[in-house]
Every structure is written in structure tokens, then in C-alpha cells.
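Please find below my comments on the model under review. They are set out as numbered points, each concerned with one part of the chain.

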Amino acid sequence: MIDRSIAVTLVLSALAVACGHPRPQTAPVSHPLSGSAVTAAPHRLHGEADDPAGDATADPRLARSPDLVHASVDVVDGQAHFVVRLVSGTFDRTTTLVIVNLDTDGNPSTGQAIAGLGVDYVISLGDGQGDTALIGRYGGSPANFVSVDRVPVVFMADGMDVSLPLALLGNPSGRMTFRVMTFIHVPNTQTTGVIDVLPDVNREPGRVE
Ligand SMILES: [Ca+2]
Ligand SMILES: [Ca+2]
């Protein structure tokens, strides 16, 4: 067995970008005390991206490789909610490692260069992480991410959901770009390189705005 946090940092050194979507509107509401319209706007942002089915790299040890098809991020009032979905039958929490790469400052020159992003934070979930997701912050040198915290993961048949405070991402605005990757880890073997990327590296990354 290799240390999973180390495995994560190792695989991160091997990489390479979805769609942007406008978002939300909030209606002014009347404040009962002032009698005038004030903007009690919940802070909402959204981003999502898709990836084709059938493009995950094959691995001889598995019948089907973890094949990403959709991911979304919703930011509401200081909480970020991440959803990752794979092709039905290709997600196995005992062999699938998912890493969400986040450029939280919109600056490609800060963080680790991964798939066209300057990745400031990563969220690792799935195999090796148990029932929680590990949040890591770029530590200032390649493949060095410092553990920030762990948050609970909700497992679905075809993916995972995770919610966390924006504060853990050092990013009060909630704006960020992202790219999701899958890896395979079979017990007692090394974690593979990247198996699938969402969205593909020749496309724009997911954009939360
Ligand atoms: Ca895919
Ligand atoms: Ca950055």
C-alpha cells in the first residue's frame, strides 16, 4: 500500500481544460423595517462541464475504467457544493480515485500547472479517502499539496457529492475554474496516471461564475 495523499500528489504531476455559464439573479426584496427595496441577495454562483462517455483510458485490471461525464459546482452563501458523475457502471469507490483541480484565484501562474490551470487547491475523493474528501492547498512546489481539512462525501451509484465552506478554499468570492480527473488504484499497486479528464484538455475548463 502506498500512502494515498502521496499518491495524489504524485499523480498530479502528470497532467493538462469546459464550459462557462452565466448565472443567477436575485430579486430585491422589501425590508420590513425600512419599507424600501433592499438587495438581500443570497450569493449564488454556478458552473458545470461535461465530458464524452467512452473516452476513459482502458486498464487491463478493470472491466471498465472510471469514465467522467458531468460535474457541477454550486456556490450558495459561502458553501460550495460539488457533484461528480461517471458513466453508469464505471464508478467503484474501492478502485476509483477522483481529483477535482481548482484554480481559485483565476491566475494560471499561481498554483501547480495542471491541464492549463494554475491549480491552487485540490479535492481528492473516492478510493483511499474513505467517507471523506481531502482538501489540499498548493504548497509552493510541484506535486506538493498541504492538507487543509476533510469533509464528508455522499456516495451515489454513479459518482459523489461533496459540500464544503468556501473558507477552506481561501476563496470568499467562490469564483473558480475546475477540471476533474479520475485515476485507478487497485490495492497493493500504484495509482495509475490520469484515466479521464473532464472537460478534455483541449476545451475550456469548467468555470464557476
Ligand atoms: Ca469521459
Ligand atoms: Ca491559480
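1. Strand E9, residues 121-126, is paired with E10 in the antiparallel sense, over 4 bridges. Within this pairing, Val122 stands opposite Gly136 of E10. I note that the model is a predicted one.

2. Asp149 in E11 is the bridge partner of Ile135. A hairpin is formed here too, with 6 residues between E10 and E11, and Gly140 in the turn has a positive phi of about 105°.

3. For the protein chain as a whole, 42% of the 209 residues count as buried. The chain has 1 helix and 15 strands.

4. A separate comment concerns Ser65, which is located in the loop between strand E3 (44-50) and strand E4 (68-76). Is Ser65 buried or exposed? Ser65 counts as buried because it has 23 C-beta neighbours inside 10 Å, the threshold being 20 or more.

5. Leaving aside residues up to four places away in sequence, Ser65 touches Ala56, Thr57, Ala58, Asp59, Thr90, Ile184 and Ile195. Asp92 lies 27 residues from Ser65 along the chain, and the C-alpha atoms of the two are separated by 9.3 Å.

Methods:
Residues numbered from 1 in each chain as written. Chains lettered and ligands numbered in written order. Predicted model: local features only at pLDDT ≥ 70, side-chain atom pairs only at ≥ 80, totals over all residues. Helix = DSSP H or I, 4+ residues; strand = E, 2+ residues; numbered from the N terminus. Buried ≥ 20, exposed ≤ 12 C-beta atoms within 10 Å, placed from the backbone. Pairing = 2+ DSSP bridges. Contact = placed C-beta atoms within 7 Å.
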